[in-house]
Amino acid sequence: MAKRVTLKDIAAKLGYSKNTVSLALRNSPQIPESTRSKIRQAADEMGYKTNAVVSHLMAQLRASQTPRFQAKLALINANEKKNALTAHPTIPTYVEGCVKRAEQRGYSFDKFWLHDPELSSDSLVRILKTRNIKGIILVGLMNTSELPEKFANVWQHFACVVTGVRTTNPTLSYCCVDHHDLTLQAFDQALKLGYKRPALVVDDYIDLLVERRFSAGFLIGQGKIPSTDRIAPFFNRQEAKKDLGVFKKWLQESQPDVIFTLYPSIVSWLEELGYQVPSDIGVIQLEWRAAQPEIAGMHQHNNVTGEAIVDMVINQIHNNEHGVPDFPRSTLIGATWIDGQSVKQR
């Protein structure tokens with residue numbers, strides 16, 4: 001009778017540990033896809049067969065176990081709203097990615113609110129050190145790129161990474177979607193759909209918060225169309241919220257055939273002014289939302305940003321890096337196009 005091929009046999013042939021082989025054959029995301037593919041192929045060639053009974057028992061055992069965390073990280077809500085980690089339209093997706101990746105790497109989170117009136121710099125440092133927390137992830141910055149000055153001492157003691165925007169005071173390492181590239185991609189998609197006069201509608205302070213990467217990508221995209229079809233970005237959304245006539249006047253003067261924006265409310269604005277979407281004007285969301293799947297746009301994959309930021313802060317911890325870095329690092333995540341009913345179809 002032929003010898004039964006074991007995990008140990010596969011590990012010996014490929015030079016991996018038995019645990020790596022086991023995880024790969026269970027398609028664990030802890031193992032890179034290229035490695036999983038290599039191990040699965042070797043297992044097939046060697047005639048490896050799983051023991052259904054043992055596999056079932058092990059699966060039940062793993063399901064009944066609680067994760068064993070090797071350390072904790074701090075997840076700090078930097079948003080003005082205390083419930084932003086769960087109630088904000090986009091921030092919970094970052095948190096979802098953070099939690100998922102942290103669990104995969106053996107970490108858990110203690111959560112804090114940066115604007116808690118009872119939280120001071122000294123108390124936060126004391127709490128984090130008492131709990132042996134060495135890494136901080138900041139999420140939720142939406143209206144400013146500056147962190148509260150009273151917490152300046154905190155960032156000196158820990159590995160710190162910010163998600164969403166690059167902070168300027170202090171400048172910490174950060175991870176976010178590539179706003180510039182996603183706007184260029186949206187522009188290209190609009191041209192492929194046959195649009196001739198794309199326009200950008202975004203709050204000026206939001207564009208400034210991301211260092212003008214939305215408008216920069218848009219202006220570069222305009223280089224692909226005749227100068228007569230280039231429309232200046234509309235930055236007065238806050239004024240238009242008070243007086244829709246401001247938006248109406250801009251529409252009549254600019255005559256766009258498709259609008260890039262961050263706000264689903266633009267669709268209702270257009271309809272209120274008598275325009276049909278998409279027959280009169282198309283709408284492309286620069287931050288596609290599952291809650292409005294009918295609006296085409298760019299999926300920013302904020303969950304992937306959350307996963308990447310956990311890797312960044314853990315790497316800092318492993319390299320004994322803490323404090324405001326001399327050379328802050330940036331990780332940019334690519335976006336993908338999602339079709340929808342708010343644009344004309346090819």
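**Cysteines and the main pocket**

The sulfur of Cys175 lies 6.7 Å from the closest cysteine sulfur, that of Cys176, which is too far for a bond. A disulfide here is a pair of cysteine sulfur atoms within 2.5 Å. Cys175 is also buried, at 0% relative accessible area (buried means under 20%, exposed over 50%, partly exposed in between, with a 1.4 Å probe and protein chains only). Cys160 is buried as well, at 3%, and its sulfur is 14 Å from the closest cysteine sulfur, in Cys98, again too far for a bond. By this rule the count comes to 0 disulfides.

A word on the model: it is predicted, with local features needing pLDDT of at least 70 and side-chain atom pairs pLDDT 80 or more, while totals for chains, interfaces and linings use all residues. Residues are numbered from 1 along each chain as its sequence is written, and side-chain values use heavy atoms, leaving out hydrogens and water.

Now to the open space. The largest pocket is lined by 35 residues, and His88, Thr90, Met142, Ile206 and Glu287 lie nearest its centre. (On a 1 Å grid over the protein atoms alone, a pocket is an open set of points where a 1.4 Å probe fits, with protein on both sides within 12 Å along at least five of seven lines; lining residues have an atom within 4 Å of a point.) Its volume is about 800 Å³, meaning the space filled by probe spheres set on the points, which are joined across faces, edges and corners.
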